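Hello,

Here is the structure I promised to pass on. My notes on its salt bridges follow below.

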Amino acid sequence: GWDRQAPGFIERRASGVDVGKVPNESTAGGRAVIEYNSGPLRLQASIFHQDQHFDGFQNVTFDPSNLKGELVQNLIFDTPEDNRNRFTLMNFTGEADLGFASLLSSTSYYTGGFRAAEDTAELLRAFIGPTFPSTIVEDSQQKSFTEEVRLSSNRPVAGFDWIVRGFYSHGSSYRTDDLIVP
């Protein structure tokens, strides 16, 4: 497994006051594999998971308030901008030597999600004038199942190698965007 902590590098200012650096990152994950291998049969199961968390975005303000092009975000309010990205990928693979051919089956399942909160006060101010702290929250989820089966020749037949393959994939996803105002 792994664990990574990284400090922010973009200065964040709210109404001209320094409030810290963003995005601070926290990433953790791991991978595990188990395998059985006995002569003509090999089985392998694996899982890979990662969870990332950031307390801001890597965007920089380029407007008259930042004429020097510094790494800075100039915001009206210090609204928290948490975002998180998680995913898990699982796989099971089986291989068998049938003598005349090799058989392979690979099954995978993926699930992932992303959730981010982003300050929208600047955007609202452009449309309605003086504004208030507000956030848009984006939430998305994905799921995917994949199966492949393959039978391939171990020896040429009439001078040709052959392969028969089947593939299936099904996925689903959704996304929502909610504007949150006090």
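A quick definition to begin with: a salt bridge here is a side-chain nitrogen of Lys or Arg within 4 Å of a carboxyl oxygen of Asp or Glu. This is a predicted model, so local features need pLDDT of at least 70 and side-chain atom pairs count only at pLDDT 80 or more, while totals for chains, interfaces and linings use all residues. Residues are numbered from 1 along each chain as its sequence is written, and side-chain values use heavy atoms, with hydrogens and water left out.

Salt bridges link Arg 12, Asp 78 and Glu 81 into a network. The structure holds 15 salt bridges, and three others may interest you.

Glu 148 pairs with Arg 165, with 2.9 Å between the closest N and O atoms. Because Glu 148 lies in strand β9 (residues 135-153) and Arg 165 in strand β10 (residues 163-180), the pair ties together parts that are 17 residues apart in sequence. Strands here are DSSP runs (E, at least two residues), numbered from the N terminus. Glu 148 is buried at 15% relative accessible area, whereas Arg 165 is exposed at 52%. Buried means under 20%, exposed over 50%, and partly exposed in between (1.4 Å probe, protein chains only).

Asp 51 and Arg 86 form another salt bridge, their closest N and O atoms 3.6 Å apart. Asp 51 belongs to strand β5 (residues 41-54) and Arg 86 to strand β7 (residues 83-97), so this pair joins parts 35 residues apart in sequence. Arg 86 is partly exposed, at 40%.

Finally, Glu 35 bridges to Arg 42 at 3.2 Å between the closest N and O atoms. Glu 35 is partly exposed at 42%, and Arg 42 is partly exposed at 22%.

Best wishes

Terms used:
Helix = DSSP H or I, 4+ residues; strand = E, 2+ residues; numbered from the N terminus.
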